[in-house]
Amino acid sequence: MRPVYEKGSDRKNQLLVAKSFEDKWGYTFSETEELCHWDFDAYFKGRLRALVEVKCRTISVKQFDTYIISQNKMQEVYNAAGDRGVKAILIVRWIDTVGWLHYDEPNNYEIKLGGRYDRSDQGDIESVIHIPILDFNVI
């Protein structure tokens with residue numbers, strides 16, 4: 001079994017981002033269980049409307065032309081959202097902005113081998129999706 005890298009501070013940051021979207025969109029975000037492929041179920045007027053993955057980065061949005069994320073993770077979120085008849089949403093907070101997108105077309109993005117090389121964990125190297133930064137709706 002792989003180590004769990006998500007820390008309590010990561011979850012706290014995700015909750016802050018979710019709260020800002022609750023205020024902006026009028027949705028209610030409900031945390032999912034630990035190790036779920038997405039972070040929140042988003043409800044509007046008591047009805048499930050989206051499965052939401054939230055990422056908090058410690059770099060500027062301007063550092064790279066694309067945002068990378070595990071293909072497997074996003075495929076799981078996309079499939080689960082489709083099974084429930086709701087949207088899959090990816091929200092990313094960089095140090096200088098927040099962006100979001102509906103993850104509706106997984107085949108529209110370039111897929112390459114990549115990931116993290118700084119933890120000496122072979123499981124961190126996998127197929128990753130390269131989402132152009134310009135595809136994000138910036139808040």
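We can begin with E110 and K112, whose side chains meet in a salt bridge with 3.8 Å from N to O. This is a predicted model, and the distances below are computed from it. How exposed are these two partners? E110 is partly exposed, having a relative accessible area of 47%. K112 also counts as partly exposed, at 39% relative accessibility.

Salt bridges can also link up: those that share partners join R11, E31 and D39 into one network.

How many salt bridges does the structure hold? The count is seven. One of them connects R11 and E31, with the closest N and O atoms 2.8 Å apart. R11 belongs to helix α1 (residues 8-25) and E31 to strand β1 (residues 28-31), so this pair ties together parts that lie 20 residues apart in sequence.

The surroundings of these two residues can be described as well. R11 is buried, with a relative accessible area of 15%, while E31 is partly exposed at 40% relative accessibility. The value for R11 is 15%, and the cut-off for buried is under 20%, so R11 falls in the buried group.

Another salt bridge joins E53 and K55, where the closest N and O atoms are 3.3 Å apart. Are these residues buried or exposed? E53 is buried, and K55 is buried too.

Now for the rings. The structure has ten aromatic pairs. One of them is formed by F21 and W25, in an edge-to-face arrangement with 4.7 Å from centre to centre and 75° between the planes. Both residues are in helix α1, and because they are four residues apart there, about one helical turn separates F21 from W25.

Which of the two is buried, and which is partly exposed? F21 is buried, with a relative accessible area of 2%, whereas W25 is partly exposed, with a relative accessible area of 23%.

This pair is also part of a group: F21, W25, Y27, F44 and W100 form one aromatic cluster.

Methods. Residues are numbered from 1 along each chain as its sequence is written. This is a predicted model: local features need pLDDT of at least 70, side-chain atom pairs count only at pLDDT 80 or more; totals for chains, interfaces and linings use all residues. Side-chain values use heavy atoms; hydrogens and water are left out. A salt bridge is a side-chain nitrogen of Lys or Arg within 4 Å of a carboxyl oxygen of Asp or Glu. Helices (H or I, at least four residues) and strands (E, at least two) are DSSP runs, numbered from the N terminus. Buried means under 20% relative accessible area, exposed over 50%, partly exposed in between (1.4 Å probe, protein chains only). Rings of Phe, Tyr and Trp (its six-membered ring) pair if their centres lie within 6.5 Å; planes under 30 degrees apart count as stacked, over 60 as edge-to-face and the rest as tilted.
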